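I opened a new notebook page for this model. The entries below follow the order in which I looked things up.

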Amino acid sequence: MRGRDPETGEFLGPSRTQQRGEALEIRSLAEKLVALPAAQLARLPIPEELMPHIVETQRITSHIAHKRQLQFLAKQMRREEDDVLEAIRDAMDEGGEAARRETALLHRAEQWRDRLLSGGDEALAELLGEFPTADRQKLRQLVRNATDERARNKPPRAFRELFREIKDALSVPGHDDEAGEED
């Protein structure tokens, strides 16, 4: 129960609205944690006393029972220190950012593969200008093999290998990923 400051008459502690907002924020975090697969949960700095509650909430499929268990999980999380919850949020944000970067890298690799297959030596020269560490000879061979596979209606082995080679070239450390993003 909050009290009043004897000198000023102001209420001490957070208002009921602030408490409710914090509780809803923690419940939202609990929902996000429950939606994650076990492998991702293992990478997060979750206190071990919370893990059984998360796993139990994931296991329950009945709507009302799941909702009730989620509320219980949120209650257990509210007992944790603020810095523990903040560490979990930060780790989840970093994971999301890393996933976005990886997706962007894959899209760029697909775009380069399509450009190499349709643009020939001109596109290859462009790629090598932007990524000088890429293996010219191997890329040229893979482009030739992928084109041949398409023409003969064969399985896309070289097509996939070309993608991997481009992805490796794009992910060379020290290269600015945003350079040349005029596509």
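**Glutamate 165 and its surroundings**

I began with glutamate 165: apart from neighbours within four places in sequence, its contacts are Asp135, Lys138, Leu139 and Leu142. I kept in mind that this is a predicted model.

I then looked up where glutamate 165 sits, and found it in helix H7. Is glutamate 165 buried or exposed? Its relative accessibility is 18%, so I noted it as buried, the cut-off for that being under 20%. I also checked its side chain, which makes a polar contact of 3.4 Å with the side chain of lysine 138.

**Cores**

Next I looked up the nonpolar cores. The largest has 22 residues, and Leu116, Leu139, Leu162, Ile166 and Leu170 have the most contacts inside it. I listed helices H5 (82–130), H6 and H7 as each supplying at least two residues of this core. Which helix gives the most to this core? I found that H5 does, with nine residues.

Leaving aside neighbours within four places in sequence, I found leucine 162 in contact with Arg113, Leu116, Leu117, Leu139, Leu142 and Val143. I also noted a second, separate core of 17 residues, with Leu29, Leu41, Met77 and Leu85 among them.

**Asparagine 153**

Last, I turned to the loop between helix H6 (136–152) and helix H7 (157–170), where asparagine 153 lies. Its phi is near 60 degrees, which I marked as a positive value in a residue other than glycine. I recorded asparagine 153 as exposed because its relative accessible area is 73%, and exposed calls for over 50%.

Conventions. Residues numbered from 1 in each chain as written. Predicted model: local features only at pLDDT ≥ 70, side-chain atom pairs only at ≥ 80, totals over all residues. Heavy atoms only, no water. Helix = DSSP H or I, 4+ residues; strand = E, 2+ residues; numbered from the N terminus. Buried < 20%, exposed > 50% of the residue type's maximum accessible area, 1.4 Å probe, protein only. Polar contact = N/O pair within 3.5 Å; in protein donor to acceptor, adjacent residues only side chain to side chain. Contact = heavy atoms within 4.5 Å. Core = buried A, V, L, I, M, F, W, Y, C linked by side-chain atoms within 4.5 Å.
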